Amino acid sequence: MTTALTSLPAVAGPVYVPGDEGYAAEVASWNVATVNEPLAVVGATSAEDVAAAVRWAGTLGLPVAVQATGHGAARPVKGGLLINTSRMTEVSVDPAARTARAAAGARWSQVIEAAAPHGLAPLSGSSSQVGVVGYTLGGGVGPLGRRFGFAADHVRSVEIVTADGALRTIDAGQDAELFWAVRGGKGNFGIVTAIEFDLFEVAGFVGGGIYFPGSHAAEVLHAYRTWSAGLPEEASTSVALLRLPDLPALPEPLRGAYVAHLRFFLLGGPEQAAELLAPMRAAAPAIIDDIAPLPYAAIDAVHRDPVDPMPSRERGVLLGEITERTVEHLLAQAGPQVDVPLIMVEVRQLGGALARTPAAPNAVSGRDAGYSLFVIGLGVPGLEPVVDAATARVLDVDAVPGGLINFSGGADAEQIQANWAPSDRDRLLRIKHAYDPANVFSSGQPLVAQNT
Ligand SMILES: Cc1cc2nc3c(=O)[nH]c(=O)nc-3n(C[C@H](O)[C@H](O)[C@H](O)COP(=O)(O)OP(=O)(O)OC[C@H]3O[C@@H](n4cnc5c(N)ncnc54)[C@H](O)[C@@H]3O)c2cc1C
């Protein structure tokens with residue numbers, strides 16, 4: 001591979017190489033444990049910039065990575081070209097068609113804000129700070145998922161720059177195989193410059209969280225096990241064992257605490273919510289219970305994910321059901337009495353519309369699972385072996401085959417491929433070979449390992 005930079009791409013946005021003043025800020029990720037070191041970074045301002053950058057990389061034989069927010073930055077970019085799409089933030093809503101179009105750098109908060117005046121909402125996830133495109137290409141499982149499906153299930157069209165440098169608009173009729181692959185196969189097929197997708201008539205919900213003391217984690221997990229299995233599709237839930245930092249931004253009783261955090265979202269009214277929640281409220285005394293009727297714009301209140309950049313290492317598996325054995329295992333490996341550098345162990349309910357094949361089938365994996373089990377560890381230099389060992393112990397559970405690419409963290413290509421059933425994996429690899437034979441795009445969650 002050629003590594004000498006004989007020129008830099010002619011683009012409207014800035015281009016930096018190591019040593020330039022703007023380089024560090026341009027390559028920085030939200031996940032600050034990931035330190036990117038590309039040979040050059042392009043701050044793209046348009047689809048034309050992206051196409052010019054990809055063509056330039058092609059002439060030098062460089063791999064091309066992409067970053068919007070850095071929320072999914074689990075594997076550092078070493079060498080090659082990084083395209084930063086964070087300037088491409090255009091969002092538009094068509095209320096009559098109930099669709100939105102978001103450019104590569106847009107965050108969910110922008111779509112939520114633009115859709116809300118029309119009584120519409122997107123299939124966003126637990127944090128509105130996450131990028132629309134990265135989330136959606138990885139499937140995208142959010143609070144409306146059990147009712148309407150994965151975000152990728154409702155994508156109408158995708159604008160993408162492929163390895164040949166061409167900008168294509170693809171949909172179920174145009175480049176249908178690529179359209180199938182990119183909705184679920186994530187960033188392995190090209191740089192997406194914009195997507196168009198459905199919005200839903202959702203103005204509000206009843207939701208929020210109940211924080212239980214860590215000393216009651218066993219009662220909470222055992223109750224959640226049976227309770228969640230009987231919920232209607234209108235309800236989405238998860239429970240997280242959290243080791244919270246001692247920060248003034250948190251309410252006093254949560255600072256530095258170990259808690260079991262039940263997240264609850266219901267497309268329904270307060271009375272139905274109270275009825276559904278009764279068994280969980282009876283399971284243990286709450287530290288905080290803030291479940292209330294809210295506008296969709298307040299969706300972040302369900303998970304209360306961190307907003308500020310943080311260092312993390314993540315991995316996940318899928319569960320068919322939560323058995324008593326699963327609960328005992330989670331408590332033994334990550335309960336309040338265990339000293340492990342894990343920030344979060346989350347069990348998130350899937351099922352409902354997430355389990356159904358969408359009208360326009362796609363490459364989203366994990367439809368058969370009942371729950372996702374996801375672990376976030378502290379991404380502190382030197383602590384990696386301890387974090388990874390603790391994470392592996394938690395995930396050494398009665399899992400079902402497959403995984404969610406958005407919750408695969410820094411998995412390698414072989415592990416990423418194992419997210420899919422063999423027939424879908426082989427189809428993805430065929431499409432990958434057809435559109436990106438030189439494996440130009442393998443950043444993030446790589447389907448094919450990059451040659452070094
Ligand atoms: C706080 C937090 C909450 C989250 N909640 C959820 C959730 O509820 N549900 C869920 O499904 N996931 C969730 N995720 C995971 C998230 O969806 C993925 O990490 C996603 O990749 C983030 O996209 P990004 O653009 O913000 O991140 P980035 O780090 O900028 O991008 C990550 C990867 O996305 C791909 N990508 C990004 N932009 C493009 C592009 N223009 N073209 C092609 N590929 C691209 C690339 O593979 C890239 O490496 C969460 C992550 C965090 C940190």
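Please keep in mind that the model is predicted.

Let's start at the ligand. It has 33 residues around it, and those that come nearest are Gly 72, Gly 131, Gly 134, Gly 187 and Gly 444. By residue class, the shell around the ligand holds 20 polar and 11 nonpolar residues, along with two charged ones. Both domain 1 (15–84) and domain 2 (91–201 + 421–435) contribute to the shell, with at least three residues from each.

Strand E9 also leads us to the sheet. This is an open sheet of five strands, in the order E5-E6-E9-E7-E8, and its pairing is antiparallel. Strand E5 (91–94) and strand E8 (167–170) form the edges, each pairing on one side only. On average, neighbouring strands of the sheet are turned by 10° against each other, direction ignored.

In general, strands of a sheet pair through backbone hydrogen bonds, either parallel or antiparallel. Here, strand E6 (residues 99–103) runs antiparallel to E9, and five bridges join the two. To follow this pairing by residue, look at Ala 102, whose bridge partner in E9 is Ile 195.

Helix H2 (residues 47–60) touches strand E7 (155–161), E8 and E9, and its direction makes about 45° with that of E7. Helix H3 (residues 108–115) touches E5 and E6, with its direction at about 35° to that of E5.

How values were computed:
Residues numbered from 1 in each chain as written. Predicted model: local features only at pLDDT ≥ 70, side-chain atom pairs only at ≥ 80, totals over all residues. Near = placed C-beta within 6 Å. Nonpolar A, V, L, I, M, F, W, Y, C, P; charged D, E, K, R; others polar. Domains from an automatic or database assignment. Pairing = 2+ DSSP bridges. Helix = DSSP H or I, 4+ residues; strand = E, 2+ residues; numbered from the N terminus. Axes fitted to C-alpha atoms, helices over the stretch in contact; angles between N-to-C directions. Contact = placed C-beta atoms within 7 Å.
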